[in-house]
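Open the model in a viewer and keep the sequence panel beside it. The stops below go from the whole chain to single residues.

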Amino acid sequence: MPKYVDPDARRREVVDALFRVAVRDGLQRASLRAVADEAGLNIGSVRHYFAGQQELMRFAMQSMLDRVGARLLRRVEEIGEFAGHPRAEQFRLAAGLLGELLPLGEDRRAEVIVFLDFSAAARTNPAFADLAEQTATGTRRLVRRVLERLATTGALGTGRDLGIETERLAALLDGLGLGAALHPQVLPPDRCAEALHTHLADLATPAPPAAAEA
């Protein structure tokens, strides 16, 4: 009797292998052959689930988005409402939630590296554009919701424009993610997390006069 292979488990196995190849050699070198070798499978087994590298890359990116989304949802459920917490604790909780997007551990560093390579590929490959845009808009939606919750409790300083603060914080997350993923010896995880927390804590102060007038 042929051995049963769980297709979902096999796809996850292949995606994990693709992540390892992408982190080590770059996403563009993650061919079906390279991924099959990394997973210890014959290439026919990989082709059974993915027609080509492009399909595999899309599946890997979607899997990563789903994984990050599930992790964020669990964190949101653990945090609950900000209301009832002291202001400093609210910002600490917000930093912990948004920190899920940063490469503060090896698994998350792999996610960010794959995302950076995928975003570079999406710039010239229309087949990836929708997922790249989904990621960018998803980050901003999350940031906006966190800031709205802080504003609702009165934790944000007076005069803060949520639209501007969303873009500032999203840009900070992008910059920290890039720096910590590519140069962890320059921007180690603890420093990365500290920079995020410091920025959020600063939002408790009133907006500068020019920003308040705008």
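In what order do the elements of the protein chain run from the N terminus on? They run α-α-α-α-α-α-α-α-α-α. The model is a predicted one, and its secondary structure comes to 10 helices and 0 strands.

**Whole chain**

Show the C-alpha trace and orient the view along the principal axes. The C-alpha atoms fill a box of roughly 70 × 35 × 30 Å. Colour by burial next: of the 214 residues, 41% count as buried. If you draw contacts between residues at least 6 apart in sequence, 68% of them join residues at least 24 apart.

**Helices α1 and α4**

Select residues 7-25, which form helix α1, and residues 53-79, which form helix α4. The two helices pack with their axes 10 Å apart, at an angle of about 95 degrees. That angle falls between 65 and 115 degrees, so α1 counts as roughly perpendicular to α4. Now show side chains where the helices meet. On the α1 side, pick Arg 11, Val 14, Val 15, Asp 16, Leu 18 and Phe 19. Facing them in α4 are Leu 56, Phe 59, Ala 60, Ser 63, Met 64 and Arg 67.

**Val 114**

Move to helix α6, where Val 114 lies. Is Val 114 buried or exposed? Its relative accessibility is 2%, so Val 114 counts as buried. Beyond its neighbours within four places in sequence, Val 114 is in contact with Phe 19, Ala 22 and Leu 27.

**Aromatic pairs and a charge over a ring**

The structure holds 2 aromatic pairs. For one of them, select Phe 118 and Phe 128: the ring centres are 4.9 Å apart and the planes lie at 45 degrees, so this pair is tilted.

Then select Phe 82 and Arg 149. Arg 149 lies over the face of the Phe 82 ring, at 4.5 Å from the ring centre.

**Two stops in helix α7**

Thr 135 is in helix α7. With a relative accessible area of 13%, Thr 135 falls under the 20% limit and is therefore buried. Apart from sequence neighbours within four places, Thr 135 is in contact with Met 61, Leu 65 and Phe 115.

Leu 147 is also found in α7, and at 0% relative accessibility it counts as buried. Which residues are in contact with Leu 147, leaving aside neighbours within four places in sequence? They are Leu 156, Leu 162, Glu 165, Thr 166, Leu 169 and Leu 203. Glu 165 is 18 residues from Leu 147 along the chain, and their C-alpha atoms are separated by 8.0 Å.

**The largest nonpolar core**

End with the largest nonpolar core, which has 60 residues. Its largest share, 9 residues, comes from helix α4. Select Leu 98, Leu 150, Leu 196 and Leu 200, the residues with the most contacts inside this core. Then centre on Leu 196 and show what it touches beyond four places in sequence: Ala 95, Leu 98, Gly 99, Leu 102, Leu 169, Leu 172, Leu 173 and Leu 176.

Technical notes
Residues are numbered from 1 along each chain as its sequence is written. This is a predicted model: local features need pLDDT of at least 70, side-chain atom pairs count only at pLDDT 80 or more; totals for chains, interfaces and linings use all residues. Side-chain values use heavy atoms; hydrogens and water are left out. A nonpolar core is a set of buried Ala, Val, Leu, Ile, Met, Phe, Trp, Tyr and Cys residues joined through side-chain atoms within 4.5 Å. Buried means under 20% relative accessible area, exposed over 50%, partly exposed in between (1.4 Å probe, protein chains only). Helices (H or I, at least four residues) and strands (E, at least two) are DSSP runs, numbered from the N terminus. Contact means heavy atoms within 4.5 Å. Rings of Phe, Tyr and Trp (its six-membered ring) pair if their centres lie within 6.5 Å; planes under 30 degrees apart count as stacked, over 60 as edge-to-face and the rest as tilted. A charge sits over a ring if NZ of Lys or CZ of Arg is within 6 Å of the ring centre and within 35 degrees of the ring normal. Axes are lines fitted to C-alpha atoms, for helices over the stretch in contact, and angles run from 0 to 180 degrees between N-to-C directions. Angles under 35 degrees count as roughly parallel, over 145 as roughly antiparallel, 65 to 115 as roughly perpendicular and the rest as oblique.
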